[in-house]
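Please open the structure in your viewer with the sequence panel beside it, and keep a selection tool at hand. The tour below goes from one selection to the next.

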Amino acid sequence: MPENLREIVLGILTEIGENGTYSHTAIRAALDRYQYFSKRDRAFITKVCEGTVERMIEIDYIIDCYSTVPVEKMKPVIREILRSAVYQIRFMGGIPDSAAVNEAVRLTQKHGFYNLKGFVNGVLRSIIRNEDSIPYPDSKKEPVRYLSVKYSMPEWLVSSWLDEFGPFVTGKMLESCLIERPTTVRLKTDNITKKVILDSMREQNVTVKRAPYLPYAYNISDYNYLPGLKAFQNGWIFPQDVSSMLVAEAAAPKRGDYVIDVCAAPGGKSLHIADKMGGYGMVEARDLSEEKVKLIADNVKRADLINVKPVVMDALTLDMDSVEKADIVICDLPCSGLGVISRKSDIKYRVSPEKINSLVDLQRQILKNAVRYVKPGGTLIYSTCTVGHRENQDNVAWITEHYPFVTDSLNPYLPRELWRLTTEQGYLQLLQGVHDSDGFFIARLKRKDFDKPFPSEEEKS
């Protein structure tokens, strides 16, 4: 292993910890600079960086058990050196403990902290000696703290999930957040057979397995670079979790429908709905910036679709030209992302109760415009990639309380195995670890009253 790999890891972790860069962004930028590294070395960098961030609460707890200086009081470089070394010692069985310790000490000296070599060495060797007897919090006396440390989840979030979902379901959710989710793709089979697509991937040594719930959803693995696959280049597959695919099923578009997707980037749901309409009708895929809309346009081009129109438009601004024009409006809105922590572990450290409150305000500001675009008798699909009633069920209740909408049963549109009492009532909350998908929320609402005008803001307040 090249000596500088751990130096690169340290740089990435420092970028994440000190500059607030998202881990996937920092890792990708580093790997782009070192494209000549072997697949094994690139995998090491990715594994240590992602794992250290994912397990940070537990790692910090372990360090604090054996350090005279709390983690939060350490110099940033020393903190990240210790964190990455503990991750290697604790969670990477193929790395000799001595290698992790020696490299940590070398990095400490290289970065000018010669006087802290002994401290770093002592902390790590104490952890190694006591690895089988680390004094974790008592699960009965301190259940929230115990679960927080065990699953590296902030205590407020553990407590919130326990209150809403109970201990059994919360345990399943927390465990799932530490399990890597597969790459799931949607097969586009309108002009080519499923067999041709699957054979194409297998010819490139990709492992392909059926995903749950939908016949066109597949999990893939053992590929190096998704855009390098012929099936991707030809627009035959689109990366999308099965939970997200269910949005198009719930929308149930008909040929000739006019659909508005108010927050569409990178366009997966818009493209899926356009596919289901067989090239007829129109999906207007809107998003805030030129950059985001370019992502949509690139995917539309790759899919060779003629019935998707990417548009730059701010969902917070009412578009009077769209009022009561859409058969279907898709509102997959910005949210806390608590359903996709297993894919983006930074989320759990960045979200807070206060941020969720702000997000709910943002969601409702968007919704008050989006509901205006639905024709009388039309459909509104509200979805998020999060769990928790405040961003989900409470928003659905807010819509039906303030606007002429009623919830509409999802059962005619979802696979039977997902039917619940709530799906009959018009919504589905998928929970990671409980369902075989990301955490996700979908609600289907119908615009009612043909004659009743929308209430003014004053009337609603």
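**Before selecting**

This is a predicted model, in which local features need pLDDT of at least 70 and side-chain atom pairs count only at pLDDT 80 or more, while totals for chains, interfaces and linings use all residues. Residues are numbered from 1 along each chain as its sequence is written, and side-chain values use heavy atoms, with hydrogens and water left out. Helices (H or I, at least four residues) and strands (E, at least two) are DSSP runs, numbered from the N terminus.

**Stop 1: a helix pair**

Select residues 76-91, which are helix α5, together with residues 97-110, which are helix α6. Their axes come within 9 Å and cross at roughly 170°, where axes are lines fitted to C-alpha atoms, for helices over the stretch in contact, and angles run from 0 to 180 degrees between N-to-C directions. That crossing makes α5 roughly antiparallel to α6, a label used for angles over 145 degrees, with those under 35 counted as roughly parallel, 65 to 115 as roughly perpendicular and the rest as oblique. On the α5 side, the contact (heavy atoms within 4.5 Å) is made by Ile-78, Ile-81, Ala-85, Gln-88 and Ile-89; on the α6 side, Asp-97, Ala-100, Val-101, Ala-104, Leu-107 and Thr-108 take part. These residues divide into eight nonpolar, two polar and one charged, with Ala, Val, Leu, Ile, Met, Phe, Trp, Tyr, Cys and Pro counted as nonpolar, Asp, Glu, Lys and Arg as charged, and the others, Gly among them, as polar.

Now centre the view on Ala-104, which has its place in helix α6. Is Ala-104 buried or exposed? Ala-104 has a relative accessible area of 3% and is buried, given that buried means under 20% relative accessible area, exposed over 50% and partly exposed in between (1.4 Å probe, protein chains only). Leaving aside residues up to four places away in sequence, Ala-104 touches Ile-81, Ala-85, Val-120 and Leu-124.

**Stop 2: a four-stranded sheet**

Move to the open sheet whose four strands follow the order β2-β3-β1-β4, with antiparallel pairing; two strands pair if DSSP finds at least two bridges between them. β2 (207-210) and β4 (237-239) stand at the edges with a single partner strand each, so one side of each is left without a neighbour in the sheet. From one strand to the next, the twist averages 35°.

Within this sheet, select β3 (residues 217-221), which four bridges join to the antiparallel strand β1 (residues 183-187); there, Thr-184 stands opposite Asn-219 in β3. Four bridges also join β3 to β2, again in antiparallel fashion, and on this side Lys-209 has Asn-219 as its bridge partner, while Thr-207 has Ser-221. The hairpin formed by β2 and β3 has six residues between the strands, and Tyr-213 in the turn shows a positive phi of about 80°. Four of the five residues of β3 are buried, so this strand is largely enclosed by the rest of the structure.

**Stop 3: strand β9 and its partners**

Next, select residues 374-384, strand β9, where eight of the eleven residues are buried, so the strand is largely enclosed by the rest of the structure. Strand β8 (residues 326-332) runs parallel to β9 and is joined to it by six bridges, with Ile-330 standing opposite Ile-381. Strand β12 (residues 440-447) pairs with β9 in the antiparallel sense, also over six bridges, and Ala-443 in β12 is the bridge partner of Tyr-382.

**Stop 4: one side of a helix**

Finally, select helix α17 (residues 393-402), whose buried residues are Asn-395, Val-396, Trp-398, Ile-399 and His-402. They cover an arc of only 160° around the axis, which puts them on the same side of α17; the arc is that of the directions from the helix axis to the C-beta atoms. An α-helix has 3.6 residues a turn, so residues three or four places apart point the same way.
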